[in-house]
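Welcome! Take a moment to look over the model, and then let us walk through a few of its helices together.

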Amino acid sequence: MASSLPPRLCVVCTLGHAGVDVGADLETLIAGITAEMASAPDRGTVAHYIPPLGEVDPLRFGIAVATADGCCFTGGAADSPFSIQSISKVFTLTIALGRLGDRLWNRVGREPSGSAFNSIVQLEHERGIPRNPFVNAGALVLSDAILAGHQPRDAIAEILSFVRSVADDPDVFVDERVAQAEQEVGFRNAALANYLRAFKNLENPVDLVLGVYFHQCAIAMSCRQLALAGRYLMARGTNLATGSRVTSAERARHINALMLTCGHYDGSGDFAFRVGFPAKSGVGGGILAIVPEVASIAVWSPGLNGCGNSQLGTLALERLSRATGWSLFGASGG
């Protein structure tokens, strides 16, 4: 409800600089958004095709905003873990770029898909080169790159260790029940992996690549953990908890660009139009959003829209963007 939100923050966010005075204003704003989401009538539909996700209460909503000055503001179920699913692709892309550098782009494209996240037709038409790293076929190539020269358990451990490191939290875990369910219903992903292998774009056995992929998707995190994990993309590749470099500033910029153009599959254009900053969604109902040099944001509501993105998560980020002016395209006029 618009009336429940505070007046627009006296903030104008521009590329490269944000004179953001958050504190009480941002805390009040998040409380208002949380209250609005609690009473929203259209909550979308949970992902029933993965049974454990279909069991999640559609009334759940959480939000966390980690700002560049080290604060973290939360609302709702911000400390409840959920399955991050395709949000994990942001982290595996970071690892794969560290492993292969720009050679990765010989195997994966950088263009929006305009198709469903698990499209087989598009992969066949483009002869085994996935349109981008965030569609399922592209993420399978990332998993293959991380698996190279390792056992699956070691590749999974590397991914989990990386996420725990950037979140600065050892309690991030893989939900084995979700991973098993993914394995049992993942026929379409198996088809994509076999297409990739047929076009010689997987170097490891299909079943091993799928095992790594299903486990990375089954990583469980809370909004607070996820927002903190995304800070290196907000901070030009630097882990703000340790001061160490996670990735180069240029790669962080490239990952953010792909999140903006491809992070919501065939709903990416609408998300950019409504919200205006990089973000990656997952069918568990989470969204990781980045406002460069300003904030890393995580929202979670398990009900999905027709494109497989969180219905209320998208709405909450739209409300936040409008109220703060946090958009790469300039502040909203009203």
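## Helix H8 and what follows

Just past H8, lysine 200 has a positive phi of about 60°. Helices such as this one are DSSP runs (H or I, at least four residues), numbered from the N terminus. This is a predicted model, in which local features need pLDDT of at least 70 and side-chain atom pairs count only at pLDDT 80 or more, while totals for chains, interfaces and linings use all residues. Residues are numbered from 1 along each chain as its sequence is written, and side-chain values use heavy atoms, leaving out hydrogens and water.

H8 itself covers residues 187–198, and its twelve residues reach 16 Å from first C-alpha to last, close to the 16 Å expected at 1.5 Å a residue. That expected span is 1.5 Å times one less than the number of residues.

Which residues of H8 are buried? They are Asn189, Leu192, Ala193 and Leu196, where buried means under 20% relative accessible area, exposed over 50%, and partly exposed in between (1.4 Å probe, protein chains only). Seen down the axis, these buried residues fall within an arc of 100°, so they line one face of H8; the arc is that of the directions from the helix axis to the C-beta atoms.

The face turned away from the buried side carries exposed Phe187 and Ala198. The cover over the buried residues of H8 includes helix H4 (120–125), helix H5 (136–147) and helix H9 (206–217).

## Helix H6

H6 runs over residues 152–167; its 16 residues should span 22 Å at 1.5 Å a residue, and its end C-alpha atoms are 23 Å apart, which agrees. Its buried residues are Pro152, Ala155, Ile156, Ile159, Leu160, Phe162, Val163, Val166 and Ala167. They cover an arc of only 155° around the axis, which puts them on the same side of H6. After H6 comes aspartate 168, with a positive phi near 55°.

## Where H3 meets H6

The axes of H3 and H6 come within 10 Å and cross at roughly 110°. Axes here are lines fitted to C-alpha atoms, for helices over the stretch in contact, and angles run from 0 to 180 degrees between N-to-C directions. H3 and H6 are therefore roughly perpendicular to each other, a label for angles of 65 to 115 degrees (under 35 is roughly parallel, over 145 roughly antiparallel, the rest oblique).

On the H3 side, the contact (heavy atoms within 4.5 Å) is made by Phe91, Thr92, Thr94, Ile95 and Arg99. H6 contributes Glu158, Ile159, Phe162, Val163 and Val166.

Terms used. Helix = DSSP H or I, 4+ residues; strand = E, 2+ residues; numbered from the N terminus.
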